[in-house]
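Open your viewer and let's take a short walk together. We will stop at a pocket, then a pair of helices, then a single side chain.

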Amino acid sequence: RRSMSQSTYHDYQVQRSQRYRGQNLPDDLRGRIEVIQGDITKQRVDAIVNATDNYLSGSGGVDAAIHRAAGSGLKKECEQLHGCKTGEAKITRGYNLPARWVIHTAGPAWQGGHQGEDRMLALCYQNCLTLAEQYSIKTIAFPAISTGFLGFPSDWASRIACSQVRTFLQRNSAIEKVVFVCFQQRDFDCYLNSV
Ligand code: AR6
């Protein structure tokens, strides 16, 4: 490693730590958007976002991981909420998670890109952020909504996620930090290119 040039060494460090802290974003966003590779259930933030379905079922993917880590209290609270429409967001407590809150949103399924999927995915981000503000949440972590079971292309989804978050943070200052938590290397690379 000592023989690497400065820039190669820096790239190596980014690669190794799999964390981008938003240090070279424009002034009003600097340090307010982070991209990491990791497990969202481990994040020490005020709220984590859950990519769920219309029944808040906790059935698979990140949804199941969050329910597993939070414990049965989360399931019970979800059962009281009468589901979650696509594009909508609902909030619960975090139970055994390090995060105090979970904001649940149901992402759109990819159907080729001409059925309003973009708009619907953008709405998920907007509604989660609006709800976060209402609850005075300062730090929030998002998974790559719709890019697993729902088949949304990662690069396209990350562009929507980043542009929605950027616009939201630039318009109001109440939310201090947004963390994009990528489970897979592929998603981490997409977010680094989009942020
Ligand atoms: N931390 C962060 N990201 C994760 C984790 C984790 N622990 N586990 C998976 N991911 P998906 P969707 C990533 O399929 O496409 C469920 O069954 C994963 O790699 O969880 O919105 C629900 O009940 C991917 O990048 O959600 C719904 O029915 C991203 O999370 C349906 O899946 C989203 O993948 C929702 O599908």
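How many nonpolar, polar and charged residues are in the lining of the largest pocket? There are 15 nonpolar, 13 polar and four charged, where nonpolar means Ala, Val, Leu, Ile, Met, Phe, Trp, Tyr, Cys and Pro, charged means Asp, Glu, Lys and Arg, and polar means the others, Gly among them.

Before going on, note that this is a predicted model, with pLDDT of at least 70 needed for local features and 80 or more for side-chain atom pairs, while totals for chains, interfaces and linings use all residues. Numbering runs from 1 along each chain as its sequence is written, and side-chain values use heavy atoms, without hydrogens or water.

**The pocket.** Select Ala51, Gly61, Val62, Gly148 and Phe149: of the 32 lining residues, these lie nearest the centre. The pocket holds about 660 Å³ of space. (A pocket is an open set of points on a 1 Å grid over the protein atoms alone, where a 1.4 Å probe fits, with protein on both sides within 12 Å along at least five of seven lines; lining residues have an atom within 4 Å of a point. The volume is the space filled by probe spheres set on the points, which are joined across faces, edges and corners.) Now colour strand E3 (47-52), helix H2 (61-70) and strand E7 (177-182), the elements that each give two or more residues to this lining. H2 gives the most, with four. (Helices, H or I of at least four residues, and strands, E of at least two, are DSSP runs numbered from the N terminus.)

**The side chain.** Finish at Thr139, in strand E6 (residues 139-142). A polar atom of the Thr139 side chain lies 2.9 Å from the backbone nitrogen of Asp46.

Notes
A polar contact is a pair of N or O atoms within 3.5 Å; within protein, one must be able to donate a hydrogen and the other to accept it, and residues adjacent in sequence count only if both atoms are side-chain atoms.
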